Amino acid sequence: MDGTMLLRCRREERGVTILRLLSSAPSVVLPEELWGLPVTAIAGHAFAPGGDTGEGELVAFGPQGETDNRRIRSVTLPQSVCSVGDYAFYNCTSLRSLTLSGDTERWGGCALMNCTELRSLHIHLSGETSSAMAYFADELPWELDMTLSYPDGGTARLIFPGYRESYEENSPAHHFDYFIHGAGYPYHHCFQDKHFSFFRYDSLWQPFLQMDHEPDCALRLACCRLRHPRELSKEAGAEYLRYLRAHSGEAMGWFIDQRDADGLSWALPLLQPDRDALSAACALARETGATEALALLLEERHRRFAAGSSAAFDL
């Protein structure tokens, strides 16, 4: 482990509960077991910044050093954890990424309160869905990037567009009016009995495009859905592909910005960008030093448009 991690724990009959965690590391990976027992629960306020309470047995990892949980950027919970307590991650203001098991289905009240930077969720599923997905979508109204790993080795990556709620005072009527801003609300509430449906998710695409939305978010949503097409119907796939081909330049720019050469290699045959879009993407890759992406773009341009051209292409 890169840094200090102190755990205050309580041994129980069937597992260990993490009562308190203090760390100096930006990335925290909790152990699967302690004292031969699985880690099964995270107590309330366990990750909340603060001092050592002294409660429970102490387990130390890494060299001694100052701890500040406000610096934690990513957390990986063991597959064995099935319960997370109230305010467990309260005020973890730098937390951006959370990896967990889909069997971690008991989440306490306000467990992610003030985790305003949390965007990326990776859920290892033991079945086809998990109620944890509905919990995150309901609890976090901003854009979420959720990756699902299935027992059969397959994956899905879903973008949940963001939205914002507000209350505005209506003085003449002596009440507050409730407003929803952004096109993401239906995505965050497309669950039935806390279970996710790809069909319901994909059915929101055309209404989403008709609403006030962020084009960059639409681009990411379509790219992720096509690249990881689990339970993607032919009709829905055609709609996503139509959108991406109409925005091929922006799509290539996103892969270049992400330094995702594998993604760009996957996208180029699908996007079928024209000569101008390819040239603009080459220029962007040069400017940003994305040499691997540039090589792919130059090869694609040469393959599709080199006939009759004497132009030289330089890396």
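**Aromatic rings**

I began with the rings and counted 19 aromatic pairs. My rule was that rings of Phe, Tyr and Trp (its six-membered ring) pair if their centres lie within 6.5 Å, with planes under 30 degrees apart called stacked, over 60 edge-to-face and the rest tilted. I looked up Tyr135 and Phe136: their ring centres are 5.5 Å apart and their planes stand at 70°, so this pair is edge-to-face. Both Tyr135 and Phe136 are buried, where buried means under 20% relative accessible area, exposed over 50% and partly exposed in between (1.4 Å probe, protein chains only).

Next I checked Phe160 and Phe196, an edge-to-face pair with 6.4 Å from centre to centre and 65° between the planes. Phe160 belongs to strand β13 (residues 155-160) and Phe196 to the loop between α2 (185-188) and α3 (198-203), so the pair ties together parts 36 residues apart in sequence. Phe160 is buried at 0% relative accessibility, and Phe196 is buried at 12%. I also found both in one aromatic cluster, which has among its members Tyr187, Phe191, Trp205 and Tyr243.

Before going on, I noted that this is a predicted model, in which local features need pLDDT of at least 70 and side-chain atom pairs count only at pLDDT 80 or more, while totals for chains, interfaces and linings use all residues. Residues are numbered from 1 along each chain as its sequence is written, and side-chain values use heavy atoms, with hydrogens and water left out.

**Strands**

For names I used DSSP runs numbered from the N terminus: helices (H or I) have at least four residues and strands (E) at least two. Two strands pair if DSSP finds at least two bridges between them.

Which strands pair with β1? I found β2 (residues 16-23) antiparallel to β1 (residues 5-11) over 7 bridges, with 4 residues between the two in a hairpin. Here Met5 has Ser23 as its bridge partner. I also found β6 (residues 57-61), antiparallel to β1 and joined to it by 5 bridges; Leu7 stands opposite Val59 there.

Then I traced an open sheet of 6 strands with mixed pairing, in the order β3-β7-β9-β11-β12-β13. β3 (27-29) and β13 are at the edges with a single partner strand each, so one side of each has no neighbour in the sheet. Within this sheet, β11 (residues 120-124) and β12 (residues 144-149) pair in the parallel sense over 5 bridges, and His122 has Thr147 as its bridge partner.

**Helices**

For angles I took axes as lines fitted to C-alpha atoms, for helices over the stretch in contact, with angles from 0 to 180 degrees between N-to-C directions. Contact means heavy atoms within 4.5 Å.

I saw helix α1 (residues 131-139) lying across β9 (97-101), β11, β12 and β13, at about 175° to β12.

I then looked at α5 (residues 215-227) and α8 (residues 261-271), whose axes come within 11 Å and cross at roughly 80°. That makes α5 roughly perpendicular to α8; the cut-offs are under 35 degrees for roughly parallel, over 145 for roughly antiparallel, 65 to 115 for roughly perpendicular, and oblique for the rest.

My last entry is α5 with α7 (residues 248-257): they pack at about 80° with axes 10 Å apart. The contact includes Cys223 and Arg227 of α5 and Trp254 and Phe255 of α7.
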